[in-house]
Each structure stands twice: as C-alpha cells, then as structure tokens.
Amino acid sequence: MALAPLRAPQLGLAKPARRWRVVVDAGHGARGNDGNTGCHCQRERDVTLELGFGLATRLSLMGPFEVRLAREGDAEPSYAQRKTLAESWPADAVISLHTDVRGTASAFASGSCVSYRNAAAPGFAVLWSAEGPAALTAQRQRLSWALTDALSGAGFKAYAGDDYVGLYDGEPEHVGSFINRKTHARRIWFLRSLEVPTVIIETHHALDESEVARWAETRTRDVFARAVAKALLDYFDAPEAVR
Ligand SMILES: [Zn+2]
C-alpha cells in the first residue's frame with residue numbers, strides 16, 4: 001500500500017520562561033510484559049524502547065522541553081514506578097509510545113519465525129481516559145486532540161477505529177483520538193491513574209509491513225518528533241495547561 005508523504009511542521013522554538021517537563025514512556029517492558037509481536041516477529045517492548053529513545057532525544061534538543069524517559073536500556077520499571085516518576089518530578093505531560101495489532105491477521109513465514117500480517121488497518125491512534133477529575137480529563141483530551149491534529153497535519157494516517165468497538169470511543173471531530181471509559185471492556189490503568197495528563201500513542205500497526213518499514217526510517221522518526229513537539233507547544237500554549 002502506498003503511504004501518503006510526510007511533512008515536518010514548522011515550529012516556533014523560542015525559549016520559554018521555563019521548559020516544559022515531558023515524560024516519554026516506552027510502552028511495555030516491565031518484567032514479563034513484552035507487548036505485541038509484529039509482522040517480522042519484532043517485540044513491541046523493543047520497538048517502543050527505540051522509538052521512545054529517539055523521540056526523547058529529538059525533543060530534548062529542540063529547546064522548549066525537558067525530557068525524561070520512563071524506561072531505558074535494560075531497566076524493567078513497573079507501571080507504578082513510571083507513575084511515581086511522572087508525579088514526583090512532576091511532569092507536565094506523559095506520552096506513552098506503543099504499537100498496535102488489529103483486525104484479522106493471516107499467518108506467514110518471516111525469516112526464522114512464523115508471524116502474522118494485516119495490511120487492512122493502518123494508522124496511528126491516540127488514547128486517553130475519561131475517568132477521573134473533570135479538569136484532568138479535559139487536559140488529557142486537549143493533549144490527545146493536539147497530537148491527533150499535529151500527526152494528521154504531518155501526513156500520518158489516522159486509524160478509523162473499526163476494531164476498537166467496545167474498547168474505545170472514537171472522536172469524529174478529531175479522527176485518530178479515542179476515549180477509554182469505565183464502561184469499556186479494557187480499562188487502561190496507566191491512562192486513568194496518573195495525576196499528570198497522560199496519553200498513549202499507538203504509533204503504527206505492527207502487523208502492517210508498509211507501516212513497519214516506514215517507521216524504521218529516520219525521516220519518519222524526525223517528522224514524528226516535530227509533530228509531537230508541535231502538539232505539545234499547542235497544548236502548553238493554552239492557559240488551561242499551566243498549573
Ligand atoms: Zn502496547
């Protein structure tokens with residue numbers, strides 16, 4: 001499948017009065033928690049470790065952000081430890097990176113492993129929880145919308161959510177943003193329990209060979225970091241974001 005071209009957004013990177021504190025979390029990787037297995041048998045925990053390090057490094061170099069990684073190297077922090085890190089610093093926002101597996105996949109041999117692929121459900125998704133105090137859930141929603149809009153604007157395809165029925169609610173005004181609610185089949189602890197506004201970015205579909213190939217490219221990671229930076233600046237520029 002041909003993917004649409006990516007465009008790095010223009011950023012105004014004037015030095016702010018204080019730098020925004022951002023925790024980048026490489027999803028999964030607690031002990032025994034490998035996440036999904038992708039079309040080349042890549043483990044989600046390894047992919048997110050690499051993407052998270054790349055995002056944190058790029059954001060750190062831009063100027064307006066002070067960035068900490070919630071998981072790096074061989075460490076296997078629990079999600080509770082990541083929550084403590086974000087809240088004790090305290091961070092202004094937490095971005096947790098994941099990859100997704102969706103829909104009906106077919107088995108095929110990939111090198112030495114038998115894996116699965118599905119090219120019918122590409123795209124990113126941003127997830128946030130509607131559980132908790134209204135002020136906090138409003139912050140999560142605005143952060144999710146800012147990310148969804150910036151990623152779409154940079155040419156990343158938003159996932160429409162066909163396989164999310166019963167798991168998350170879509171947001172028609174911001175396609176790619178999804179709400180996790182108390183009533184859903186799977187409530188995501190990391191999204192609903194942190195006092196710092198937190199979102200998950202499902203960066204791409206790990207069973208889609210075209211998307212996996214694109215996300216291996218430096219340019220994709222460069223544009224992604226610029227888009228995330230744009231979203232964070234849009235989010236922090238709004239007065240409600242300031243504590
Ligand atoms: Zn995941």
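This is a predicted model: local features need pLDDT of at least 70, side-chain atom pairs count only at pLDDT 80 or more; totals for chains, interfaces and linings use all residues.
Which residues in H3 meet which residues in H6?

Residues are numbered from 1 along each chain as its sequence is written.

From H3, Arg 142, Leu 143, Ala 146, Leu 147, Ala 150 and Leu 151 meet Ala 227, Val 228, Lys 230, Ala 231, Asp 234 and Tyr 235 in H6, where a contact requires C-beta atoms, placed from the backbone, that lie within 7 Å. These residues divide into nine nonpolar, no polar and three charged (Ala, Val, Leu, Ile, Met, Phe, Trp, Tyr, Cys and Pro count as nonpolar, Asp, Glu, Lys and Arg as charged, and the others, Gly among them, as polar).

The axes of helix H3 (residues 134-153) and helix H6 (residues 218-237) come within 8 Å and cross at roughly 140 degrees, which makes H3 oblique to H6 (angles under 35 degrees count as roughly parallel, over 145 as roughly antiparallel, 65 to 115 as roughly perpendicular and the rest as oblique). The crossing of H3 and H6 is right-handed.

## The contact of H1 with H6

Helix H1 (residues 44-62) also meets H6, with axes that come within 9 Å and cross at roughly 55 degrees, and the two are therefore oblique to each other. On the H1 side the contact is made by Leu 51, Gly 54, Leu 55, Arg 58, Leu 59 and Met 62, and on the H6 side by Arg 221, Phe 224, Ala 225, Val 228 and Ala 229. By class, this contact has eight nonpolar, one polar and two charged residues.

## The two sides of H2

In helix H2 (residues 79-88), the buried residues are Tyr 79, Arg 82, Lys 83, Leu 85 and Ala 86 (buried means 20 or more other C-beta atoms within 10 Å of a residue's own, exposed 12 or fewer, and partly exposed in between). They lie on the same side of H2, because they cover an arc of only 160 degrees around the axis. Ala 80 and Ser 88, on the other side of H2, are exposed. The buried residues of H2 pack against strand E1 (20-26), strand E2 (65-69), strand E3 (93-100) and helix H4 (189-193).

## Ile 179 in strand E8

Ile 179, found in strand E8 (residues 177-180), counts as partly exposed because it has 19 C-beta neighbours inside 10 Å. Leaving aside residues up to four places away in sequence, Ile 179 touches Trp 128, Ala 130, Tyr 168, Asp 169 and Glu 171. Ile 179 and Ser 144 are 35 residues apart in sequence and, C-alpha to C-alpha, 9.4 Å apart in space.

Notes
Axes are lines fitted to C-alpha atoms, for helices over the stretch in contact, and angles run from 0 to 180 degrees between N-to-C directions. Helices (H or I, at least four residues) and strands (E, at least two) are DSSP runs, numbered from the N terminus. A crossing is left-handed if the near helix is turned anticlockwise from the far one by less than a right angle, and right-handed if clockwise. Two residues are in contact if their C-beta atoms, placed from the backbone, lie within 7 Å. The arc is that of the directions from the helix axis to the C-beta atoms.
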